[in-house]
Amino acid sequence: MSYDRNAWMKKMNQVLAQGPYTDSWESLSEHQTPEWFRKAKLGIFIHWGPYSVPAFGSEWYSRNMYREGTMEFEHHQKTYGLQKDFGYKDFIPMLKAEHFNPEAWAELFEEAGAKYVIPVAEHHDGFQMYRSELSHWNAYEMGPHRDVLSDLNEALHKHGLITGASSHRIEHWWFMGSGRKPLKNGTPAEEWSDIPSLSKTPDDLYWPSTIMDSEDNDNRYATPAPSEEFLEDWMFRTMELIDHLQPQELYFDWWVFQAAAKPYLRKILAYYYNRGAEWNKEVLVITKNDGIPYGCAVPDMERGGFHTMQAEPWQTDTAVGKISWGYTRDNVYKTSDMILQDLIDTISRNGVMLLNVGPKADGTIPEQDQKLLREIGSWLRQNGEAVYGSRPWRISMEGPTAPKEGAFSDQTDSVYSSEDFRFTVNHGHLYIFAMKYPDPVNGVSEIRVHTLAGKDHPAAYEFGALIRDVEVLGYEEKPEWVQKQDALIIRTKTIHTHSPVVFRVEFL
């Protein structure tokens with residue numbers, strides 16, 4: 001398939017000319033974070049593609065199956081044969097999605113309490129999960145033989161959920177490059193890998209399969225830098241994705257921080273923000289690793305968070321599993337309480353959580369993923385008034401357990417104590433999240449919140465508001481409470497749970 005480059009460039013220039021945004025950081029910094037995003041607090045991320053067929057290792061199977069010495073390389077040869085005989089492209093017909101039910105997905109995500117959904121439209125592997133005019137390698141022409149994301153969006157909108165899309169296309173510059181390297185025994189790449197024969201034009205699945213000078217993928221000046229041809233193709237694909245799916249969140253993975261990508265990235269953002277204005281929809285762009293200057297997009301911390309309160313909303317993308325974003329048979333799952341604690345920790349510091357699930361190749365969401373989402377939804381129905389639409393208080397936390405800081409910090413489970421609390425404000429009330437509620441002693445559970453000590457307490461931040469009442473959300477019991485000079489003391493007798501407990505503080 002070939003496309004008219006001049007037609008795409010003309011389209012880009014027309015949308016940029018109509019405004020209100022131009023492709024400069026100064027102009028893009030005028031874009032405001034949508035109110036819907038500030039209020040949403042929880043979204044669903046979806047990693048689903050041909051990598052869901054082998055369901056081994058991680059969603060990076062498409063790269064690692066060509067990297068000699070990896071477990072994916074060995075697994076592939078033992079299970080499917082030599083890569084030259086069965087390459088990554090041969091998984092595509094096996095992605096049948098025969099049980100994909102968009103309505104069932106939408107019902108589940110709504111039950112989970114999510115307010116928006118971000119499926120991966122194109123992962124690093126280069127396969128598009130939506131109908132495309134720019135490449136044959138898409139789910140409408142191959143595999144499921146349906147416009148998966150358009151069908152999903154239709155169902156999600158019926159349930160009132162906001163939809164977005166994630167593009168990882170720019171990482172494709174180098175992602176399949178290992179398939180061009182000879183094996184250690186001297187076997188030339190063309191004799192063992194199916195990649196060199198299918199990597200000559202943008203319409204080839206594996207193109208460009210670049211061999212990088214270094215394995216350091218976090219280098220902003222990595223060489224060889226993406227070519228003009230590749231960057232234009234990335235820009236055109238992103239334009240197509242924007243117009244076809246009309247996402248209200250456009251998520252980019254980390255490689256947009258590449259120096260060579262910046263002129264194209266500015267054009268993409270201006271195109272998208274102008275389209276949002278044209279559609280009369282609030283839209284936002286998500287970026288990692290300062291790939292976009294602060295204020296021009298919303299920052300994301302992958303599988304982690306910021307240690308301190310952030311002045312503007314931010315997003316953490318995390319997953320129900322610790323090992324892989326996509327479905328794998330040996331993924332290690334978190335518990336719903338762990339996920340809820342991370343959610344609370346995030347929103348207390350002005351963040352929003354994007355929680356990933358990985359569907360199977362047949363289009364079903366694994367039972368454990370479903371179970372976790374339903375448990376999270378049950379808790380949110382009980383405590384949602386402290387979550388949705390909330391804002392951070394002037395103090396985000398109290399207690400010995402520090403917030404998770406930095407990327408991939410969710411690989412370590414936080415161990416909370418009965419002295420750990422997080423705070424939000426909403427509806428004129430202050431909400432206390434007891435991260436680990438204490439077991440009863442002599443029939444009574446007691447917490448002491450020192451941040452809410454009486455006004456005479458000589459703390460750095462004196463709490464001067466007069467408390468009228470304290471109630472617990474989701475339970476019939478009326479808690480006993482007293483505000484003393486060293487702490488607000490709250491006692492209950494009937495609450496026995498491993499999940500966080502939320503108290504509403506009402507003021508005079």
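**A first chat about the fold**

Me: Of the contacts between residues at least 6 apart in sequence, what share joins residues at least 24 apart?
Reply: In the protein chain, 72% of those contacts do. Keep in mind that this is a predicted model.

Me: OK. How many helices and strands are there?
Reply: The protein chain has 13 helices and 17 strands.

Me: Why does a radius of gyration of 25 Å agree with a compact globule?
Reply: Because a compact globule of 508 residues would come out near 23 Å, and the protein chain has 25 Å.

Me: And what does the C-alpha trace span along its principal axes?
Reply: About 75 × 55 × 40 Å.

Me: How much of the chain is buried?
Reply: 60% of the 508 residues count as buried. The exposed surface comes to about 19,900 Å². Carbon and sulfur atoms supply 48% of that area.

Me: Which way does β12 run against β17?
Reply: Antiparallel, with five bridges joining the two. β12 is residues 429-434.

Me: How many bridges link β14 to β17?
Reply: Five, and the pairing is antiparallel. β14 covers residues 467-472. Here D469 stands opposite E506 of β17.

Me: Switching to charges. How far apart are the mean positions of the positive and negative ones?
Reply: They are 2 Å apart, for 51 positive and 74 negative charges.

Definitions and conventions:
Residues are numbered from 1 along each chain as its sequence is written. This is a predicted model: local features need pLDDT of at least 70, side-chain atom pairs count only at pLDDT 80 or more; totals for chains, interfaces and linings use all residues. Side-chain values use heavy atoms; hydrogens and water are left out. Helices (H or I, at least four residues) and strands (E, at least two) are DSSP runs, numbered from the N terminus. The radius of gyration is taken over C-alpha atoms; the globule rule is 2.2 Å times the number of residues to the power 0.38. Buried means under 20% relative accessible area, exposed over 50%, partly exposed in between (1.4 Å probe, protein chains only). Contact means heavy atoms within 4.5 Å. Accessible areas come from the Shrake-Rupley method with a 1.4 Å probe; for residues, only the protein chains shown count as cover. Lys and Arg count as positive and Asp and Glu as negative; His and the chain ends are not counted. The place of a charge is taken as NZ of Lys, CZ of Arg, CG of Asp or CD of Glu. Two strands pair if DSSP finds at least two bridges between them.
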